[in-house]
Amino acid sequence: MTLLPRHPPHPNVLDIPTPPLQQAGLFIIFFFTAIAFVAFLLRLFSRHKTGQWGLDDAMVGCAMLFSLLMIGPFYMYIKLGYFGWRQEDVPPTYDPTPAFWWFFLAQLFYNPILAFVKASVLLFLLRLGGQKPGVRMVIYVLNTFNALQAIAIFLVALLQCLPIEANWDFALKADPNTRCIDNSFHVIASCLTLLTDILVVVIPFWIFLGLKMKKAAKVAVLGIFLLGLAVTIIGAVRLNGIIKLFYSTPDGKDPFHDLTVTLSVVEANIAIVSACAPALRPLFRMWMPVLFGGTTERYGNRYTPNSKLPHYADQSNIKGGNGTGMRADDVTLQSIKATRNRDGHTECRSASPSGSEEEIMTYNGIMRTTDVRVQYDGASGFAVSPRDKSRPSVDSKGVDFVAVEEKRTV
(Lines give C-alpha, C1' and ligand atoms only; values in the text may rest on other atoms or scores of the structure.)
Protein backbone atom coordinates (compact mmCIF):
# COMPACT_ATOMS: atom_id res chain seq x y z
CA MET A 1 0.00 0.00 0.00
CA THR A 2 1.45 3.35 -1.03
CA LEU A 3 1.46 6.32 1.34
CA LEU A 4 -0.12 8.62 -1.26
CA PRO A 5 -2.85 7.05 -3.45
CA ARG A 6 -2.61 7.44 -7.20
CA HIS A 7 -3.98 10.73 -8.51
CA PRO A 8 -7.57 10.75 -9.79
CA PRO A 9 -7.99 10.60 -13.58
CA HIS A 10 -7.90 13.95 -15.34
CA PRO A 11 -7.67 15.29 -18.91
CA ASN A 12 -4.34 15.89 -20.59
CA VAL A 13 -3.25 19.33 -19.37
CA LEU A 14 -1.61 20.04 -22.74
CA ASP A 15 -5.07 19.86 -24.31
CA ILE A 16 -6.47 22.48 -21.90
CA PRO A 17 -6.28 26.04 -23.34
CA THR A 18 -4.08 28.54 -21.48
CA PRO A 19 -5.67 32.01 -21.26
CA PRO A 20 -3.41 35.09 -20.82
CA LEU A 21 -3.74 35.38 -17.04
CA GLN A 22 -2.91 31.71 -16.60
CA GLN A 23 0.09 32.16 -18.89
CA ALA A 24 1.26 34.92 -16.55
CA GLY A 25 0.82 32.62 -13.55
CA LEU A 26 2.82 29.83 -15.18
CA PHE A 27 5.53 32.31 -16.16
CA ILE A 28 5.75 33.48 -12.54
CA ILE A 29 6.26 30.02 -11.05
CA PHE A 30 8.87 28.97 -13.64
CA PHE A 31 10.66 32.34 -13.66
CA PHE A 32 11.19 32.53 -9.91
CA THR A 33 12.23 28.89 -9.73
CA ALA A 34 14.78 29.57 -12.47
CA ILE A 35 16.09 32.67 -10.64
CA ALA A 36 16.54 30.63 -7.46
CA PHE A 37 18.31 27.86 -9.37
CA VAL A 38 20.72 30.35 -10.98
CA ALA A 39 21.45 31.90 -7.56
CA PHE A 40 22.11 28.42 -6.17
CA LEU A 41 24.49 27.58 -9.04
CA LEU A 42 26.34 30.88 -8.48
CA ARG A 43 26.64 29.99 -4.81
CA LEU A 44 28.16 26.62 -5.72
CA PHE A 45 30.59 28.35 -8.09
CA SER A 46 31.56 30.85 -5.39
CA ARG A 47 32.12 28.08 -2.85
CA HIS A 48 34.17 26.13 -5.38
CA LYS A 49 36.39 29.18 -5.96
CA THR A 50 36.90 29.87 -2.24
CA GLY A 51 36.87 26.26 -1.04
CA GLN A 52 34.79 27.30 1.99
CA TRP A 53 32.03 24.68 2.02
CA GLY A 54 29.78 24.39 5.03
CA LEU A 55 26.61 22.80 6.38
CA ASP A 56 24.69 25.91 5.32
CA ASP A 57 25.38 24.96 1.68
CA ALA A 58 23.80 21.54 2.24
CA MET A 59 20.72 23.16 3.82
CA VAL A 60 20.12 25.53 0.93
CA GLY A 61 20.76 22.63 -1.46
CA CYS A 62 17.91 20.71 0.19
CA ALA A 63 15.68 23.78 -0.14
CA MET A 64 16.49 24.01 -3.84
CA LEU A 65 15.73 20.33 -4.33
CA PHE A 66 12.28 20.69 -2.75
CA SER A 67 11.63 23.80 -4.85
CA LEU A 68 12.36 21.87 -8.04
CA LEU A 69 10.11 19.03 -6.85
CA MET A 70 7.33 21.51 -6.09
CA ILE A 71 7.20 23.18 -9.51
CA GLY A 72 5.59 20.20 -11.30
CA PRO A 73 2.67 19.78 -8.87
CA PHE A 74 2.05 23.52 -8.87
CA TYR A 75 1.93 23.56 -12.66
CA MET A 76 -0.65 20.76 -12.61
CA TYR A 77 -2.64 22.50 -9.87
CA ILE A 78 -2.85 25.75 -11.85
CA LYS A 79 -3.82 23.97 -15.07
CA LEU A 80 -6.34 21.54 -13.58
CA GLY A 81 -7.71 24.21 -11.20
CA TYR A 82 -8.35 26.54 -14.15
CA PHE A 83 -6.64 29.45 -12.39
CA GLY A 84 -6.49 32.49 -14.64
CA TRP A 85 -9.77 31.61 -16.34
CA ARG A 86 -13.02 33.55 -16.17
CA GLN A 87 -15.57 31.62 -14.13
CA GLU A 88 -18.06 31.69 -16.98
CA ASP A 89 -15.47 30.08 -19.28
CA VAL A 90 -14.65 27.14 -16.99
CA PRO A 91 -16.01 23.91 -18.55
CA PRO A 92 -19.19 22.61 -16.90
CA THR A 93 -17.49 19.23 -16.50
CA TYR A 94 -14.82 20.77 -14.24
CA ASP A 95 -13.87 18.42 -11.38
CA PRO A 96 -11.60 19.94 -8.68
CA THR A 97 -10.53 16.56 -7.28
CA PRO A 98 -7.43 16.06 -9.51
CA ALA A 99 -6.30 19.65 -8.90
CA PHE A 100 -6.46 19.24 -5.15
CA TRP A 101 -4.51 15.96 -5.33
CA TRP A 102 -1.65 17.86 -6.95
CA PHE A 103 -2.06 20.72 -4.48
CA PHE A 104 -1.73 18.30 -1.56
CA LEU A 105 1.53 17.04 -3.05
CA ALA A 106 2.77 20.62 -3.57
CA GLN A 107 2.07 21.37 0.11
CA LEU A 108 4.36 18.54 1.19
CA PHE A 109 7.20 19.97 -0.91
CA TYR A 110 6.52 23.60 0.03
CA ASN A 111 6.60 23.34 3.82
CA PRO A 112 10.25 22.16 4.20
CA ILE A 113 11.67 24.83 1.86
CA LEU A 114 11.47 27.81 4.21
CA ALA A 115 12.73 25.68 7.11
CA PHE A 116 15.82 24.61 5.17
CA VAL A 117 16.41 28.19 4.02
CA LYS A 118 16.24 29.56 7.57
CA ALA A 119 18.54 26.79 8.81
CA SER A 120 21.03 27.72 6.09
CA VAL A 121 20.93 31.43 6.94
CA LEU A 122 21.25 30.76 10.68
CA LEU A 123 24.26 28.47 10.16
CA PHE A 124 25.81 31.09 7.92
CA LEU A 125 25.29 33.78 10.58
CA LEU A 126 26.76 31.44 13.18
CA ARG A 127 29.96 31.32 11.13
CA LEU A 128 30.03 35.12 10.91
CA GLY A 129 28.83 36.27 14.32
CA GLY A 130 29.06 33.16 16.46
CA GLN A 131 31.94 34.59 18.50
CA LYS A 132 29.41 36.81 20.29
CA PRO A 133 27.86 34.67 23.06
CA GLY A 134 24.42 36.31 22.88
CA VAL A 135 24.22 35.89 19.11
CA ARG A 136 25.38 32.28 19.32
CA MET A 137 22.77 31.37 21.93
CA VAL A 138 19.92 33.03 19.99
CA ILE A 139 20.96 31.22 16.81
CA TYR A 140 21.05 27.85 18.59
CA VAL A 141 17.59 28.39 20.11
CA LEU A 142 16.06 29.70 16.88
CA ASN A 143 17.56 26.88 14.82
CA THR A 144 16.21 24.27 17.24
CA PHE A 145 12.75 25.85 17.17
CA ASN A 146 12.90 26.05 13.36
CA ALA A 147 13.76 22.34 13.07
CA LEU A 148 11.03 21.22 15.49
CA GLN A 149 8.48 23.47 13.80
CA ALA A 150 9.39 22.09 10.37
CA ILE A 151 8.95 18.49 11.49
CA ALA A 152 5.63 19.24 13.21
CA ILE A 153 4.18 21.16 10.26
CA PHE A 154 5.24 18.50 7.76
CA LEU A 155 3.63 15.69 9.77
CA VAL A 156 0.43 17.66 10.36
CA ALA A 157 0.24 18.64 6.68
CA LEU A 158 0.67 14.99 5.69
CA LEU A 159 -1.95 13.74 8.15
CA GLN A 160 -4.28 16.74 8.16
CA CYS A 161 -7.12 14.48 7.04
CA LEU A 162 -7.64 10.80 7.83
CA PRO A 163 -8.10 9.01 5.55
CA ILE A 164 -5.60 10.96 3.45
CA GLU A 165 -7.88 10.79 0.39
CA ALA A 166 -10.20 13.28 2.11
CA ASN A 167 -7.67 16.03 1.29
CA TRP A 168 -8.88 16.04 -2.32
CA ASP A 169 -12.07 13.97 -2.28
CA PHE A 170 -14.73 16.33 -0.91
CA ALA A 171 -17.39 13.64 -0.84
CA LEU A 172 -15.18 11.60 1.50
CA LYS A 173 -14.39 14.70 3.52
CA ALA A 174 -18.11 15.12 4.24
CA ASP A 175 -18.25 11.61 5.72
CA PRO A 176 -18.82 11.82 9.51
CA ASN A 177 -16.10 9.20 10.07
CA THR A 178 -13.48 11.40 8.40
CA ARG A 179 -11.23 13.42 10.71
CA CYS A 180 -9.60 16.67 9.52
CA ILE A 181 -7.77 19.37 11.44
CA ASP A 182 -9.33 22.79 11.83
CA ASN A 183 -8.47 25.49 9.31
CA SER A 184 -6.89 27.50 12.11
CA PHE A 185 -3.84 25.20 11.78
CA HIS A 186 -2.93 26.86 8.47
CA VAL A 187 -3.22 30.33 10.00
CA ILE A 188 -1.18 29.43 13.10
CA ALA A 189 1.52 27.71 11.03
CA SER A 190 1.80 30.74 8.74
CA CYS A 191 2.01 33.09 11.75
CA LEU A 192 4.84 31.04 13.32
CA THR A 193 6.67 30.96 10.00
CA LEU A 194 6.29 34.73 9.70
CA LEU A 195 7.60 35.24 13.23
CA THR A 196 10.73 33.17 12.61
CA ASP A 197 11.22 35.00 9.29
CA ILE A 198 11.29 38.32 11.16
CA LEU A 199 13.74 37.03 13.79
CA VAL A 200 16.11 35.72 11.11
CA VAL A 201 16.02 39.13 9.37
CA VAL A 202 16.81 40.94 12.65
CA ILE A 203 19.93 38.90 13.58
CA PRO A 204 22.22 40.31 10.82
CA PHE A 205 21.45 43.84 12.07
CA TRP A 206 22.42 42.75 15.57
CA ILE A 207 25.72 41.44 14.24
CA PHE A 208 26.67 44.18 11.78
CA LEU A 209 25.27 47.50 12.99
CA GLY A 210 27.82 47.84 15.78
CA LEU A 211 30.83 47.06 13.60
CA LYS A 212 33.43 49.56 12.45
CA MET A 213 32.98 49.08 8.72
CA LYS A 214 33.02 51.37 5.75
CA LYS A 215 29.53 52.81 5.45
CA ALA A 216 29.16 51.67 1.83
CA ALA A 217 30.27 48.13 2.74
CA LYS A 218 27.89 47.99 5.71
CA VAL A 219 24.96 49.18 3.58
CA ALA A 220 25.85 46.63 0.88
CA VAL A 221 26.11 43.73 3.34
CA LEU A 222 22.89 44.61 5.17
CA GLY A 223 21.18 45.20 1.83
CA ILE A 224 21.95 41.62 0.85
CA PHE A 225 20.47 40.30 4.07
CA LEU A 226 17.44 42.57 3.63
CA LEU A 227 16.38 40.37 0.72
CA GLY A 228 14.94 38.25 3.51
CA LEU A 229 12.56 41.11 4.27
CA ALA A 230 10.96 40.57 0.86
CA VAL A 231 10.24 36.98 1.91
CA THR A 232 8.59 38.26 5.09
CA ILE A 233 6.42 40.71 3.14
CA ILE A 234 5.31 38.03 0.68
CA GLY A 235 4.59 35.71 3.61
CA ALA A 236 2.40 38.39 5.20
CA VAL A 237 0.44 38.85 1.96
CA ARG A 238 0.04 35.08 1.71
CA LEU A 239 -1.18 34.91 5.33
CA ASN A 240 -3.76 37.59 4.57
CA GLY A 241 -4.98 35.48 1.63
CA ILE A 242 -5.29 32.39 3.85
CA ILE A 243 -7.35 34.30 6.43
CA LYS A 244 -9.66 35.64 3.72
CA LEU A 245 -10.04 32.16 2.23
CA PHE A 246 -11.11 30.50 5.48
CA TYR A 247 -12.78 33.26 7.46
CA SER A 248 -14.09 35.95 5.11
CA THR A 249 -17.53 35.95 3.57
CA PRO A 250 -17.63 35.63 -0.23
CA ASP A 251 -17.25 39.06 -1.81
CA GLY A 252 -18.48 38.11 -5.25
CA LYS A 253 -15.00 38.04 -6.77
CA ASP A 254 -14.23 35.48 -9.44
CA PRO A 255 -12.35 32.68 -7.56
CA PHE A 256 -10.73 31.43 -10.78
CA HIS A 257 -9.52 34.78 -12.16
CA ASP A 258 -6.80 35.12 -9.51
CA LEU A 259 -3.10 34.29 -9.16
CA THR A 260 -2.68 34.49 -5.38
CA VAL A 261 -1.79 30.80 -5.42
CA THR A 262 1.54 31.64 -7.09
CA LEU A 263 2.70 33.53 -3.97
CA SER A 264 3.80 30.26 -2.37
CA VAL A 265 6.24 29.61 -5.21
CA VAL A 266 7.45 33.22 -5.24
CA GLU A 267 7.99 33.23 -1.46
CA ALA A 268 9.91 29.94 -1.43
CA ASN A 269 12.23 30.86 -4.28
CA ILE A 270 12.91 34.42 -3.14
CA ALA A 271 13.87 32.84 0.19
CA ILE A 272 16.43 30.65 -1.61
CA VAL A 273 17.83 33.69 -3.43
CA SER A 274 18.12 35.62 -0.16
CA ALA A 275 19.95 32.67 1.44
CA CYS A 276 22.40 32.43 -1.47
CA ALA A 277 23.12 36.15 -1.87
CA PRO A 278 25.46 36.68 1.16
CA ALA A 279 27.65 33.77 0.02
CA LEU A 280 28.11 35.46 -3.38
CA ARG A 281 30.25 38.26 -1.94
CA PRO A 282 33.42 37.10 -3.73
CA LEU A 283 31.56 37.45 -7.04
CA PHE A 284 30.12 40.83 -6.01
CA ARG A 285 33.66 41.99 -5.20
CA MET A 286 34.73 41.18 -8.75
CA TRP A 287 31.73 42.95 -10.27
CA MET A 288 31.49 45.92 -7.83
CA PRO A 289 34.89 46.19 -6.11
CA VAL A 290 34.36 49.69 -4.73
CA LEU A 291 31.14 48.77 -2.97
CA PHE A 292 32.07 45.30 -1.75
CA GLY A 293 35.68 45.75 -0.73
CA GLY A 294 37.73 45.69 -3.89
CA THR A 295 40.92 43.72 -4.30
CA THR A 296 43.57 43.18 -1.67
CA GLU A 297 47.25 44.00 -1.88
CA ARG A 298 49.68 41.34 -0.74
CA TYR A 299 52.48 42.27 1.60
CA GLY A 300 54.74 39.40 2.48
CA ASN A 301 58.47 40.06 2.16
CA ARG A 302 57.59 43.23 0.25
CA TYR A 303 57.57 46.47 2.18
CA THR A 304 55.32 49.47 2.13
CA PRO A 305 56.61 52.87 1.02
CA ASN A 306 56.76 53.87 4.70
CA SER A 307 59.03 50.98 5.60
CA LYS A 308 62.70 51.69 6.39
CA LEU A 309 63.68 48.19 5.28
CA PRO A 310 65.18 47.46 1.86
CA HIS A 311 63.06 45.90 -0.90
CA TYR A 312 64.28 42.68 -2.47
CA ALA A 313 64.17 42.87 -6.25
CA ASP A 314 64.50 39.11 -6.57
CA GLN A 315 62.33 37.62 -3.84
CA SER A 316 62.77 34.08 -5.11
CA ASN A 317 66.15 34.11 -3.34
CA ILE A 318 64.56 34.71 0.06
CA LYS A 319 64.68 31.68 2.30
CA GLY A 320 61.30 29.95 2.20
CA GLY A 321 60.31 31.91 -0.91
CA ASN A 322 58.09 30.46 -3.60
CA GLY A 323 59.02 32.72 -6.44
CA THR A 324 55.96 34.88 -5.94
CA GLY A 325 57.29 36.95 -3.08
CA MET A 326 55.04 35.19 -0.58
CA ARG A 327 55.98 32.51 1.91
CA ALA A 328 53.66 29.91 3.43
CA ASP A 329 53.56 31.80 6.76
CA ASP A 330 53.14 35.28 5.25
CA VAL A 331 50.06 37.28 6.15
CA THR A 332 47.94 38.91 3.48
CA LEU A 333 47.40 42.55 4.42
CA GLN A 334 45.34 45.44 3.19
CA SER A 335 47.22 48.64 2.35
CA ILE A 336 49.02 50.01 5.42
CA LYS A 337 47.66 53.41 6.27
CA ALA A 338 49.99 56.38 6.41
CA THR A 339 48.41 57.61 9.66
CA ARG A 340 49.29 56.08 13.00
CA ASN A 341 47.26 55.36 16.09
CA ARG A 342 47.73 56.86 19.52
CA ASP A 343 50.59 54.51 20.39
CA GLY A 344 52.49 55.56 17.28
CA HIS A 345 51.81 52.26 15.53
CA THR A 346 50.98 51.75 11.89
CA GLU A 347 47.62 50.05 11.40
CA CYS A 348 47.41 46.99 9.16
CA ARG A 349 44.44 44.77 8.54
CA SER A 350 44.45 41.20 7.41
CA ALA A 351 42.34 39.98 4.48
CA SER A 352 40.87 36.66 3.53
CA PRO A 353 43.09 35.10 0.84
CA SER A 354 40.07 33.27 -0.53
CA GLY A 355 37.87 36.33 -0.80
CA SER A 356 35.07 34.40 0.91
CA GLU A 357 32.16 35.91 2.81
CA GLU A 358 34.09 35.44 6.06
CA GLU A 359 36.20 38.39 4.90
CA ILE A 360 33.25 40.55 5.90
CA MET A 361 34.38 39.88 9.43
CA THR A 362 38.11 40.52 8.84
CA TYR A 363 38.66 43.02 6.06
CA ASN A 364 36.06 45.32 7.53
CA GLY A 365 37.41 45.13 11.05
CA ILE A 366 36.44 42.36 13.49
CA MET A 367 39.75 41.24 14.95
CA ARG A 368 41.54 41.40 18.25
CA THR A 369 44.47 43.74 18.90
CA THR A 370 47.96 42.29 18.80
CA ASP A 371 51.35 44.00 18.75
CA VAL A 372 54.20 42.42 16.84
CA ARG A 373 57.78 43.50 16.20
CA VAL A 374 59.14 43.19 12.67
CA GLN A 375 62.89 42.66 12.66
CA TYR A 376 65.27 42.25 9.76
CA ASP A 377 67.36 39.08 9.71
CA GLY A 378 69.95 39.09 6.97
CA ALA A 379 70.04 35.29 6.81
CA SER A 380 66.35 34.54 6.49
CA GLY A 381 64.69 37.79 5.53
CA PHE A 382 62.06 38.54 8.20
CA ALA A 383 61.32 37.36 11.69
CA VAL A 384 58.17 38.44 13.51
CA SER A 385 58.06 38.22 17.28
CA PRO A 386 55.80 39.50 20.08
CA ARG A 387 56.49 43.10 20.90
CA ASP A 388 58.80 43.73 23.85
CA LYS A 389 57.32 46.73 25.71
CA SER A 390 60.69 47.51 27.37
CA ARG A 391 62.36 48.25 24.05
CA PRO A 392 62.08 51.47 22.08
CA SER A 393 59.78 51.65 19.09
CA VAL A 394 62.76 51.69 16.73
CA ASP A 395 65.61 49.22 17.26
CA SER A 396 69.32 49.64 16.49
CA LYS A 397 68.77 48.72 12.85
CA GLY A 398 66.06 51.40 12.50
CA VAL A 399 63.21 48.91 12.15
CA ASP A 400 59.70 50.16 12.97
CA PHE A 401 57.47 48.16 15.23
CA VAL A 402 54.14 47.46 13.52
CA ALA A 403 50.90 47.16 15.45
CA VAL A 404 48.57 44.70 13.72
CA GLU A 405 45.23 45.96 14.99
CA GLU A 406 42.54 43.31 15.27
CA LYS A 407 39.18 44.52 16.51
CA ARG A 408 36.95 41.79 17.88
CA THR A 409 33.39 42.48 18.91
CA VAL A 410 32.36 40.23 21.78
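1. Which residues form a disulfide? C161 and C180 do, with their sulfur atoms 2.1 Å apart. A disulfide is a covalent bond between the sulfur atoms of two cysteines. The cut-off used here is a pair of cysteine sulfur atoms within 2.5 Å. A search of the whole structure finds one disulfide.

2. Some ground rules. This is a predicted model, where local features need pLDDT of at least 70, side-chain atom pairs count only at pLDDT 80 or more, and totals for chains, interfaces and linings use all residues. Residues are numbered from 1 along each chain as its sequence is written, and side-chain values use heavy atoms, with hydrogens and water left out.

3. Back to the disulfide. The torsion about the S-S bond of C161 and C180 is about 120°, so this disulfide is right-handed. C161 sits in strand β1 (residues 161-162) and C180 in strand β2 (residues 179-180), so the pair ties together parts 19 residues apart in sequence. Strands (E, at least two residues) and helices (H or I, at least four) are DSSP runs, numbered from the N terminus.

4. Are these cysteines buried or partly exposed? C161 is buried, at 3% relative accessible area. C180 is partly exposed, at 32%. Buried means under 20% relative accessible area, exposed means over 50%, and partly exposed lies in between (1.4 Å probe, protein chains only). Two further cysteines are partly exposed: C62 at 27% and C191 at 36%.

5. Now R47. This residue lies in helix α1 (residues 20-50). R47 is buried, with 0% relative accessibility. The R47 side chain makes a polar contact with the side chain of D57, at 2.8 Å. A polar contact is a pair of N or O atoms within 3.5 Å; within protein, one must be able to donate a hydrogen and the other to accept it, and residues adjacent in sequence count only if both atoms are side-chain atoms.

6. Next, the UniProt record. Its unreviewed entry lists "transmembrane region" for several stretches, including residues 58-80 and 100-126. Such annotations may be inferred rather than shown by experiment. In the model, residues 58-80 are 100% helix and 0% strand, with end C-alpha atoms 34 Å apart. Residues 100-126 are also 100% helix and 0% strand, and their end C-alpha atoms are 40 Å apart.

7. One more helix to check. L199 is in helix α6. L199 is partly exposed, with a relative accessible area of 38%.
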